[in-house]
Amino acid sequence: MAMDEIVDGLSEVSCDVLVIGGGTAGPMAALKAKLKNPKANVVLLEKANVKRSGAISMGMDGLNNAVIPGYATPEQYTKEITIANDGIVDQKAVYKYAQNCYKIIEELDSFGIRFLKNENGDYAVKKVHHIGTYVLPMPNGETVKKAIYRQLRRARILISNRYMATRLLIGNDGRVAGAISVNTRTAEFLVIKAKAVILCMGAAGRLGLPTSGYMFGTYENAANSGDGYAMAYHAGAALANLECFQINPLIKDYNGPACAYVAGPFGAFTANNEGSRFIECDYWSGQMMLEFYNELLSGKGPVFLQLKHLHDETIKEIESTLHKVERPTRGLFQKGRGTDYRTESIEMHISEIGFCSGHSASGVFVDDFARTTVPGLYAAGDMASVPHNYMLGAFTNGSVAGTDATEFADNHDFADFDSADIAKERERVMAPTKREDGIPPNQIEYKARRLVNDYLQPPKVTRKFELGQRRLSEVRDDMTHRMIARNSHELLRALETQSILDCADMAAHASLYREESRWGLYHLRTDFPDKDNENWFCHTLLSKKEGRMTSEKREVQPYVVPIADDEKDLYDKQRIRASA
Amino acid sequence: MPLATYQTSVPVVVDDAKCIADKGCTVCVDVCPLDVLRISEMTGKAYMAYDECWYCMPCEADCPTGAVTVNIPYLLR
């Protein structure tokens, strides 16, 4: 058989709970679903390989948002995230995370993942955020994926690698009925009927084009092409605050974190070209990114992460983390550039745009049980709307989703659906393989993402967005009618390109709907430059209604933890003021 | 429209002398998140078939014989 030859074919299976995405949230969701009811049939579907998929493919250096008794309280954390996210937060879900995450830390500890402790045996939590202390290093963080994989094997979770889910099946009663997937190496279809489905498909990280021009040189794992966002949209689920883009401060060109969360607690800091601090706090918020952006454009730019003032032993310790975990090729990159942290600062830049609740707030809308607006459909991790929830949020909310999904599956039978939906989806997926002549997916993807950079990247301007929508619709037309896939690997990329275009359309639509500026750089609309709390202190929900993309407002739910008036704008005061 | 093939220098390099793919090993191909590695039908060794790399390292880290090296893609270097 020739490499990646298209075999086609179709088989059907069924399960109680289907988890799609085996990165961070997914494995935990599958594990908890199974533990909730050991008789339940739980399937974990993954586009790559669960062993090494997702954002933590090479592990993680630490927890960014650990709420540990003695260091922080759930109330304090909820307050911090509410302020960091400009008040647009349903606190119930954040508060629940904050209450549950310590249990998850203990559980991860029992899986063999170590967390830094001080000489008294207490967790050595570090301060990076503006107000509270939540950063906990993981000395063997490179093993996190292996540790969780062992648990999956032990619990006998059925894992299907190299299957890309393309669409959800929706029952006649509006409930989720399962998913359709296609093998990325043979193009064989697998239809999975399920009583409950949990989407854990990561960020939309291949939306903007990295400035290097290398399409896969993204901040997020480049496999995270926003498939979960697109699938939720086509299933009729609501997506929240998509205009609150993800934009991160990264090592220029390498496009990975430098990383201030690791180096900051040792005394490293973000500096301008004069070697001076210009931001109060290195925690990634939209307000911080705006100051970063302003500094880059100012005469005091570019921006650097400065370590050279630190002791050699300290730098060695920082290197032992940065060059081993999360993005280990950082060391190779710096070596190639001739950058020694002891003598030279690391040049920083800002990333391409994306959707990601892990770092901002753009995600499929979920409540405090990880339920989407489609009955039986759940979402967790970077793609679900609980803001700023990072890796520990993915584990914790994945756990919430898994438990609740099994309860749902225990109380419902399979939803009836129209079997014609399968044939229709198969035809849609395979269309690029049926054409003799056309445009390959890489060109369509490149053009779409280049347009995202040209038109959708903040600062956002209405007329530019409208032009961007027009250009993107032309690319969509090419994608729908002229895209070709000559083998199953190219078909995988063709399907990802469709997710990317869906996300680009959603990014444009959501941004135009919110007629104000909010979240610093994430939603900086220069023709609506002010924050307008009177009209826009609300969530926005985007969804497909009668085949059309629509946006609506949703009230912010009453706060669980009150925020005093003089605390509300703490994150707006990021810029260091000149001292007298 | 006619298609042209496009030349690109790929970041992942496999040392054929060390690679044991011809003895049935598929570790690097299995773990790659972007699914860009394949076993050559001609040499029986692993190689990077698609230049779509996140320079993430599982292929190098998990290779049982140390045959795989991940370099930074040229455009980023």
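I began with the two domains of chain A: 32 Å separate the centres of domain 1 and domain 2, taken over C-alpha atoms. A note to keep in mind from here on is that this is a predicted model. I looked up the bounds next, and the domain assignment of chain A gives 249–350 for domain 1 and 422–555 for domain 2.

Then I asked how many residues of domain 1 of chain A are in contact with domain 2 of chain A. I found 7 residues of domain 1 in contact with 5 residues of domain 2. On the domain 1 side of chain A that touches domain 2, I noted 4 nonpolar residues, 3 polar ones and no charged ones.

My next entry is on helix α1 of chain A, residues 25–36. This helix has 12 residues and reaches 16 Å from its first C-alpha to its last, close to the 16 Å expected at 1.5 Å a residue. Is α1(A) mostly covered or mostly open? I found α1(A) mostly covered, with 10 of its 12 residues buried. Among the buried ones I jotted down A:P27, A:M28, A:L31 and A:K32.

I followed β14(A) to its partner β9 (residues 239–240) of chain A, and the two pair in the antiparallel sense over 2 bridges. In that pairing, A:L239 stands opposite A:V364 in β14(A).

My last stop was where the chains meet. I found 28 residues of chain A in contact with 23 residues of chain B. Helix α9 (residues 330–337) gives the most to the chain A side of this meeting, with 3 residues. By class, I listed 13 nonpolar, 11 polar and 4 charged residues on the side of chain A that touches chain B.

Chain B averages a pLDDT of 96, and 100% of its residues score at least 70. For the complex, the predictor gives an ipTM of 0.98 and a pTM of 0.98.

Conventions:
Residues are numbered from 1 along each chain as its sequence is written. Chains are lettered from A and ligands numbered from 1 in the order in which they are written. This is a predicted model: local features need pLDDT of at least 70, side-chain atom pairs count only at pLDDT 80 or more; totals for chains, interfaces and linings use all residues. Helices (H or I, at least four residues) and strands (E, at least two) are DSSP runs, numbered from the N terminus. The expected span of a helix is 1.5 Å times one less than its number of residues. A residue is buried if 20 or more other C-beta atoms lie within 10 Å of its own, exposed if 12 or fewer, and partly exposed in between; C-beta atoms are placed from the backbone. Two strands pair if DSSP finds at least two bridges between them. Two residues are in contact if their C-beta atoms, placed from the backbone, lie within 7 Å. Ala, Val, Leu, Ile, Met, Phe, Trp, Tyr, Cys and Pro count as nonpolar, Asp, Glu, Lys and Arg as charged, and the others, Gly among them, as polar. Domain bounds come from an automatic or database domain assignment. pLDDT is the predictor's confidence in each residue, from 0 to 100.
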